[in-house]
There are 2 protein chains.
Amino acid sequence: MANNDTVRFGILGCAKIARKVARAIALAPNATIYAIASRSVEKAKKFAAENNLPASVRIYGSYDEVVEDSDVDAVYLPLPTSLHVQWAVTAASKKKHVLVEKPAALDVAELDRILEACESNGVQFMDGSMWLHHPRTAHMEQLLSLANSTGIGPVHFIHSTSTMPTTQEFLENNIRVKPELDALGALGDLAWYCINASLWAKAYKLPTMVTALPDVIRNSAGVILSITASLQWDKPNQTVANIHCSFLSHTSMDLAVCGSNGSVHVKDFIIPYKETSAKFDFTFGAKFVDLHIGWNVKPEEVHVANKLPQEALMVQEFARLVASIRDRGSHPSTKWPEISRKTQLVVDAVNKSLELGCKPVAL
Amino acid sequence: MANNDTVRFGILGCAKIARKVARAIALAPNATIYAIASRSVEKAKKFAAENNLPASVRIYGSYDEVVEDSDVDAVYLPLPTSLHVQWAVTAASKKKHVLVEKPAALDVAELDRILEACESNGVQFMDGSMWLHHPRTAHMEQLLSLANSTGIGPVHFIHSTSTMPTTQEFLENNIRVKPELDALGALGDLAWYCINASLWAKAYKLPTMVTALPDVIRNSAGVILSITASLQWDKPNQTVANIHCSFLSHTSMDLAVCGSNGSVHVKDFIIPYKETSAKFDFTFGAKFVDLHIGWNVKPEEVHVANKLPQEALMVQEFARLVASIRDRGSHPSTKWPEISRKTQLVVDAVNKSLELGCKPVAL
């Protein structure tokens, strides 16, 4: 629905993920799809038809037309990662707010060009990490807070995975494993989430050391298909986070965070099993009973309902920030760009560790 | 209960864990406690009284008396690890079958001395890894079998933890972190399970490479309190297993095994929450629904009942093998010694990797 507060989105590209986000924009109460572009107008028309976009949506045969459209407030970029810097910088220079699919960029140097363009043009930046906007995430975050005496306490260990099965054809030809399009492969597409989650669990404190493990698997073009890495935080709050990401395994998106007093466990942290509610397991104060023949507690299943799917909540949050800048002269929020940048820094460190033969890389 | 098939146990030492195993011996239908020894007869008497051992149980003030008692079939050794080799070899030389608490030994050289003594004396060896005897483990094992087309398929990723909170007093003075008693610390006491589980998930195939991570934490005497390591199996069935073990965290004993077609997840793999049944989560053929807004399946909760607790099942299995050797002239089973030896080999490799500054160690 569109009213005065509504943020008008232009979508650059018709990738599969754009279908999900187009729906999210339609669901978000403060956002509307204003324009859709592909490199061919036919492809854009087809996308609009297949996704039941309203007839009012402007259909463009080039990305330039969207960023030149003065009625567009914000762009969503579902483009291959190698194109992010070009189109995010161009959009920002035209005063469009930028919602970019993850990974935000190929490396932090590229991301910094994007962030500088956004900052100097006073526009909001956010990457498309949807799970951070789910109320379950906020609920778990309360349990991670050191101010919460019934929370898990200082975090000691984080485990996360992002794996999905693919076909042989995907592994050689999909955009996400093409060196000229998404050179980071599984490290960008999947590990983004696990790194993101590890940072989230540590209140976005950067690790002191990042180590890639030697089990990396690449395709014939050298793009990463499977990667394992370990992130380490030094004293006073020592923590280790292990991540495993692969295009070669059954679907998994595990997140476990273990502290001194408790733990949280999720098996669907990136995409919840169902749209309308999600759960996590919370264990607190677990001890063994006498003789160590059982536990004093079982994990509590905590269910969190959500009226809007997480991707619509992401769009809503982004549009809220955009409207605040557009209508009330607010400054762009630095929260989301900073999360993206820290995530990208760790992605870079994993890559660096791989280059060094899996030696630890200090951050 | 004692009858002709019953195996008569002598227990060497009154450690806490001996209480649990004494109860397990009493519960196992084919085993009985015949003798208990401590370094002082008073301590042994106290143990017998506190654990309601029958008046018929012989109380000894030295370990020697148990291994010299010709009515004792088998010994259970809950002694500090540094004493395993001495007492296991002595017991074997007296034709006593040997059930030894984990870790089996301080290193594979010591374990080999024990295994050679057992082999040359024709007695059974087993280490005290109870969870391997739970019917849940057998149930999950069926899902790991490559012959099972509705199982998880070739294993790609294994995650396991064994963490428990302790006190500052424990961290400096407990037997399990004393260099002269249990020099392996958390690597022996906790990682034994995680290494064991990783090998189990790979049908006991040894990894090709073992890498310790740099986040190791030691006490003032240099004994490991917290350790993270990664095990890697090369082609044709590439797999990575990450383990994390710590005396510094909240209680956790996670095991997740992810293959090409499915996964299993457990949060209480070492000690089940309850004695009489245990569950695991099984996910098979998971895909995202259209638009990637959810999953086509949720994990199935598989509940497995057990009449006897896992430690009694362990004793029962051990006693079954002992009776078969004693009464029917069978050869000792090589299954359990081989599992112990492979676990110990990986423990050694993690230690070696630590010595080398966390360099990968080939096996």
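Residues are numbered from 1 along each chain as its sequence is written, while chains are lettered from A and ligands numbered from 1 in the order in which they are written. In this predicted model, local features need pLDDT of at least 70, side-chain atom pairs count only at pLDDT 80 or more, and totals for chains, interfaces and linings use all residues; side-chain values use heavy atoms, with hydrogens and water left out.

**View 1. Chain A meets chain B.** Here 62 residues from chain A and 62 residues from chain B are in contact (heavy atoms within 4.5 Å). The two chains bury about 5200 Å² between them, with 65% of it on carbon and sulfur atoms; buried area is the accessible area (1.4 Å probe) that two parts lose on being put together, summed over both. Look in chain A for His250(A), Tyr273(A) and Trp295(A), which lose the most area to chain B and together make up 16% of what that side buries.

View 2. Four salt bridges cross the interface of chain A and chain B, a salt bridge being a side-chain nitrogen of Lys or Arg within 4 Å of a carboxyl oxygen of Asp or Glu. Lys267(B) and Asp281(A) join their side chains in a salt bridge, at 2.6 Å from N to O. Between chain A and chain B there are also 27 residue pairs in polar contact, both at pLDDT 80 or more. A polar contact is a pair of N or O atoms within 3.5 Å; within protein, one must be able to donate a hydrogen and the other to accept it, and residues adjacent in sequence count only if both atoms are side-chain atoms.

**View 3. What chain A brings to chain B.** Elements of chain A that each supply at least two residues to this side include helix H1 (16–27), strand S7 (155–163) and strand S14 (277–284). Helices (H or I, at least four residues) and strands (E, at least two) are DSSP runs, numbered from the N terminus. S7(A) gives the largest share of the side that touches chain B, five residues.

**View 4. The two-fold relation.** Chain A superposes on chain B by a rotation of 180 degrees with 0.0 Å of shift along its axis (RMSD 0.0 Å), using least squares on the C-alpha atoms of residues with pLDDT of at least 70 in both. That is the relation of a two-fold axis. In chain A, Asn242(A) has the C-alpha nearest the axis, 3.7 Å from it. Both copies use the same surface, and 100% of the contact residues of chain A recur in chain B.

**View 5. Two domains within chain A.** An automatic or database domain assignment supplies the bounds: domain 1 covers 7–129 and domain 2 covers 132–309 + 344–362 of chain A. Their centres, taken over C-alpha atoms, are 27 Å apart. The contact draws 18 residues from domain 1 and 20 residues from domain 2 of chain A. About 1500 Å² is buried between these domains, and carbon and sulfur atoms give 57% of that area. Lys102(A), Leu106(A) and Ser129(A) supply 34% of the area that domain 1 buries against domain 2, more than any other three residues.

**View 6. Links across the domain interface.** Two salt bridges cross between domain 1 and domain 2 of chain A. Glu275(A) and Arg23(A) pair their side chains in a salt bridge, at 2.9 Å from N to O. H1(A) gives three residues, the largest share of the side of domain 1 that touches domain 2.
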